[in-house]
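Please walk through the model below, starting with its sheets and ending with a few details of the backbone.

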There are 2 protein chains.
Amino acid sequence: MKQERKQIDLKNIRITDSLFGSYVKQVSEKIIPYQWKILNDQLEGADKTYCIENFRIAAGELEGARKGVVFQDTDLYKWLESVAYTIAGGKGGKFEPLADEVIELVGRAQEPDGYLNTYFTVNAPERKWKNLIEGHELYTAGHMIEAAVAYYHATGKTAFLEIAKKNADLIGKVFGRGEGQRRGYPGHQEIELALVKLYRVTGEQKYLDTAKYFIEERGTQPNYLAEELRERGGFEFFPDLQDYDLAYSQADIPPVEQKKAQGHSVRDMYMCSAMADLAGECEDERLLSACKAIWENMTQRQMYITGGIGTSGFRERFTTDYDLPNATNYSETCASIGLMMFGQRLSAVTGDAGYYDSVERALYNTVLAGINIEGDRYFYVNPLEVVPEFCTQHTYMNHVKPIRQKWFSIACCPPNVARTLASLGQYVYAQEGSSILIHQFISSEVQTETKGGTTAVKMDSTLMQDGKVGIHVESEKGCSLKIRIPAYAENWKIFSGEKEEKPEIQNGYITMVLPAGEHTVTLDLDVHPHWVAANDQVRADAGKAALVKGPVVYCLEEVENGKLLSQVCVKPNEEVKEEPSPEGLVGNIPALTYPGTRIKNAGLGNQLYGALEIEKEATQLTAIPYCLWNNRGEGEMLVWHRVLI
Amino acid sequence: MKQERKQIDLKNIRITDSLFGSYVKQVSEKIIPYQWKILNDQLEGADKTYCIENFRIAAGELEGARKGVVFQDTDLYKWLESVAYTIAGGKGGKFEPLADEVIELVGRAQEPDGYLNTYFTVNAPERKWKNLIEGHELYTAGHMIEAAVAYYHATGKTAFLEIAKKNADLIGKVFGRGEGQRRGYPGHQEIELALVKLYRVTGEQKYLDTAKYFIEERGTQPNYLAEELRERGGFEFFPDLQDYDLAYSQADIPPVEQKKAQGHSVRDMYMCSAMADLAGECEDERLLSACKAIWENMTQRQMYITGGIGTSGFRERFTTDYDLPNATNYSETCASIGLMMFGQRLSAVTGDAGYYDSVERALYNTVLAGINIEGDRYFYVNPLEVVPEFCTQHTYMNHVKPIRQKWFSIACCPPNVARTLASLGQYVYAQEGSSILIHQFISSEVQTETKGGTTAVKMDSTLMQDGKVGIHVESEKGCSLKIRIPAYAENWKIFSGEKEEKPEIQNGYITMVLPAGEHTVTLDLDVHPHWVAANDQVRADAGKAALVKGPVVYCLEEVENGKLLSQVCVKPNEEVKEEPSPEGLVGNIPALTYPGTRIKNAGLGNQLYGALEIEKEATQLTAIPYCLWNNRGEGEMLVWHRVLI
């Protein structure tokens, strides 16, 4: 299972898609400048981050205490990572001087031994590495390393990479099984996948070894985190972590023995991403089979139809199989990004395209829902059913916001969305030898080398309109296209020029071998709208159906359909029509219209409970893509429709 | 509106009911001895309470730190209150020596100035009265006073009452608007209603004045609790209270201005109970109208069909109108007890029986569900829909237990249920001059004085079997019966002997004037089983119906109906049959059987999402009273049935 797949440099990919292109454009035009203001506390009405200020203090250039959450530094690192991808994508040149400058600041904030964390440097130098459960030092380092690798890829400049290596070297010295080393591992995983990236860019084995150590040591006995907690006797940064359990941070048993998605969902996905990487790099079958088991459990038992994961608002975590309530759930934007990262890697190591079905589901629904069309408002939490009045603060619904927010005091999601959009090309394309892999049907262009010559691919996708994907190839020396056939496309056709071909699906791909020259390949996917049901074990969806078209899940919004969406029922055999996308949305994705029935309890008036007297009222419904909801003001929203049986 | 209604001494009431009698019997036979063990940490497998130990330490008779939650003393006080009612009820004589002994211990734990709280006396004498938000000193004092008043009523002994008066005198000195007094009020209300009781038993106006002060001062500006919090800067006892808001403790605006049930539900109910008392005692119309508004909002917007209140597991609080999810809710047993207390008082001050509709709903459903048939297991939280596997710890469902628990570290509910059952007679009967009021149709006997002679009433109720209530009266000098006609009994009849009478309903009562002598009055209430719907605003109950018979809400349990109850649908026009109560239950309440349909998604197999292919399967359903669920092992439970339209 030696991994053959390679990523294509983002410099060689351009996203031109009508839906995604509009968001990707926002990254350079809006999000990066907006987030820069936030990092500098220059945005009115947003919580202060103290982010840049903290680095200045750590560098000894400002006086005062370091403020903000303990992992606030990561906001800057994720911003830098987005900037790097944007530079690679050709739109970020204007940010490069700013990035260089702030990288210098990061360098000045680094201690001579390589240590880099503004909280501990300034506020608690004596507490370094002593609170792995809450301190987030390794998590923060991981985001720094990811940004540094990205910046090196984008610019060829080594200053940031040197900072990262120096820090990673220190971490490799501090942690391990040798004498005088700490046998710890991160409370919040992230460093592991970052170290794999650092290994891949530097070729230095020691980084891979440290990543491997962190995964192998995790959850072994005696349990390091349990001991740490016992010795500390309480919580330093997150007092509400009392009643902490090791499964929360996937440290109850070693990762290789884990069979289910569990605990804090982002931690789990970041850990699994590293596990998949390591399975490939180290050809570790046991690690790979743990990855497969966790993936299977997650996608077949614990995932929303929108690709959301992590049911519990309390502790942002997985709960148990089939526990998928629609209004109270967490489904953090970052967790779905983590799912994308994990799926991408599992596909790379197994060579199976099937993992991209859930990656696509997460991308087109929860991840895209995480940001508004203008690129300046964010969802952290992604319910499938919203009644704005019910999202009351200081209650069990405190986490659910009925409108996207400017920013969050714990702001992992906004920069995470930005870096994902900015690196989207690597979810669309990959390469295996002379084969160019196409995983997503997002209009774009890519150029790469195959058989020693240049191959350029231009994909014109109208997937969400008519299911058609035109792929134009110009290859100097010839190439193959390996195209993923998504599970939702039961009836698909492929044409080489005008001629229909009948390739077999292998590992989720069809392969088109193309000699040198120009070719037009046309894929025709079946994206007719249809109703989907959930497994009977999902109590929350009993008697309900969701409307999907291709990878996109649709929802009803109050703006078209009025209040009390819970009254609405549908008959799945009624015709669903495609209509032009409503004004104010992007991507030109058709709205879907269909007849429905409102079931009312007549005569109850203001009474809370009373006689059951059903009244039916015919209505016409209009659904829009879930990812675009709440772009036209606050209102009710509903994914799962009651079915009139 | 001078309140004419008086409670009848519990000494003169005996409960003989087949349902309630079995629980009341458990109070003396099981619950009081069981809880005594718990107070003394003699019960294996239950969390330690340190309760009696703490009093010993405070009395200087044991060394060591005082342990347990800050309000742990209340466990003993509520136990003593139950003992007092049980003594009054003629079954508690055996506990009296033990109670006298422990009351002496309480006296020894009291400081010379009257201060009485084991936590602050032992652990933090310098912090007395300084943390009203979290410290629960006034709450604890309130439960002590309630117990002392009850013990005095039951035994005529004054030792405990003297302790209570001495403590209340101190509180009256410490708090108020005078010079050198604190202008504070309790973070957790309870003392107010206790002081009214103390005023009523002693006739001393100062206790009423202090109660009035606490209600009037609450929520005024500058806000005492906000100031206290600002000065303290953080939380001492409950670190997870960060993000505390004043509405949580109903202190954002003065109680007299409050129009909705809000904040922590038990606090709200205890406060409202005192407000209703004070409205009557002080003939305060503004206070009364606030009570009425809060009651109306609560019972018509924020109450479950089971009489459960307080939707949010986070902070045990009310949320917003119509937010009544069935699986994640809190609906604390104590909150429904608080509702009973509030409704009882509102009825007393207004003379309106209608308030007892919700009191009865809470009593027959949520409160009774709080305890098992054997009297040794308790529910704190009362959902209307349970899938045991989904009640995962350390998640958003952490508060929901699928089986009753032995005890809780914060154990307000078990002793609260016990004292409510032990004082049940006062929810059944009351007196206004020569009228004996009957509020509940629970078989029992009462004796009281009317027109200077003795009147004895014997009620034989088969309400839950055939809706019949036989009332046998022997009156020396004559009396009236004022009988509540419940809202569920649309068709009712009343007979004097064999003769049907046609009295008018006034304020929810019918009145039967009975001359001296023996009489038999028979009430025939309509308790045919029927389906009830919720207001369309309650999204959680859209398309659903609940089956009720009289005041009892029915539910499906896995033991009779299998798993996946969410598949079950019913047609409300199908016949519902009454069958004998299943084995293992109490009260001889019929089970209800009716045809149903299981709706299955055929062909999904292990897939999480897939094509909608509905398959119907006819099934026969058996429902039992909600209050009796989970007495026959762990399993699924469901109140609201999907309706096949």
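Two strands are taken as paired if DSSP finds at least two bridges between them. Helices (H or I, at least four residues) and strands (E, at least two) are themselves DSSP runs, numbered from the N terminus. This is a predicted model, in which local features need pLDDT of at least 70 and side-chain atom pairs count only at pLDDT 80 or more, while totals for chains, interfaces and linings use all residues; side-chain values use heavy atoms, with hydrogens and water left out. Residues are numbered from 1 along each chain as its sequence is written, and chains are lettered from A and ligands numbered from 1 in the order in which they are written.

In chain A, β4 (residues 435-438) and β8 (residues 479-484) run parallel and are joined over four bridges. One of the residues involved is S435(A), whose bridge partner in β8(A) is S480(A). These strands belong to an open sheet of four strands in chain A, with the order β3-β4-β8-β11 and mixed pairing. Each of β3 (429-432) and β11 (509-514) of chain A has a single partner strand and stands at an edge, so one side of each is left without a neighbour in the sheet. From one strand to the next the twist averages 25°, where axes are lines fitted to C-alpha atoms, for helices over the stretch in contact, and angles run from 0 to 180 degrees between N-to-C directions.

Chain B has an open sheet of four strands in the order β3-β4-β8-β11, with mixed pairing. Its edges are β3 (429-432) and β11 (509-514) of chain B; each has a single partner strand, so one side of each lacks a neighbour in the sheet. The average twist between one strand and the next is 25°. β4 (residues 435-438) and β8 (residues 479-484) of chain B pair in the parallel sense over four bridges, and I438(B) stands opposite I483(B) in β8(B).

Next comes the interface. Contact (heavy atoms within 4.5 Å) involves 74 residues from chain B and 74 residues from chain A. The two chains bury about 5,800 Å² between them, 58% of it on carbon and sulfur atoms; buried area is the accessible area (1.4 Å probe) that two parts lose on being put together, summed over both.

Strand pairing also crosses between the chains: β13 (residues 530-534) of chain A and β19(B) are antiparallel over three bridges. Within that pairing, A533(A) has G610(B) as its bridge partner.

A salt bridge is a side-chain nitrogen of Lys or Arg within 4 Å of a carboxyl oxygen of Asp or Glu. Two are found across the interface of chain B and chain A, and the side chains of E636(B) and R539(A) form a salt bridge at 2.5 Å, N to O. Over all chains the count comes to 82 salt bridges. Among them is the bridge between E111(A) and K128(A), at 2.8 Å, N to O. That pair links distant parts of the chain, 17 residues apart, with E111(A) in the loop between α4 (96-109) and α5 (118-122) and K128(A) in the loop between α5 and α6 (137-155) of chain A.

Some backbone details remain. The peptide bond joining Q221(A) and P222(A) is cis, with omega about -5°, and P222(A) lies in the loop between α9 (205-217) and α10 (224-232) of chain A. In chain B, the bond from Q221(B) to P222(B) is cis, with omega near -10°. N630(A), a residue other than glycine, has a positive phi near 60° and lies in the loop between β20 (614-625) and β21 (637-638) of chain A.
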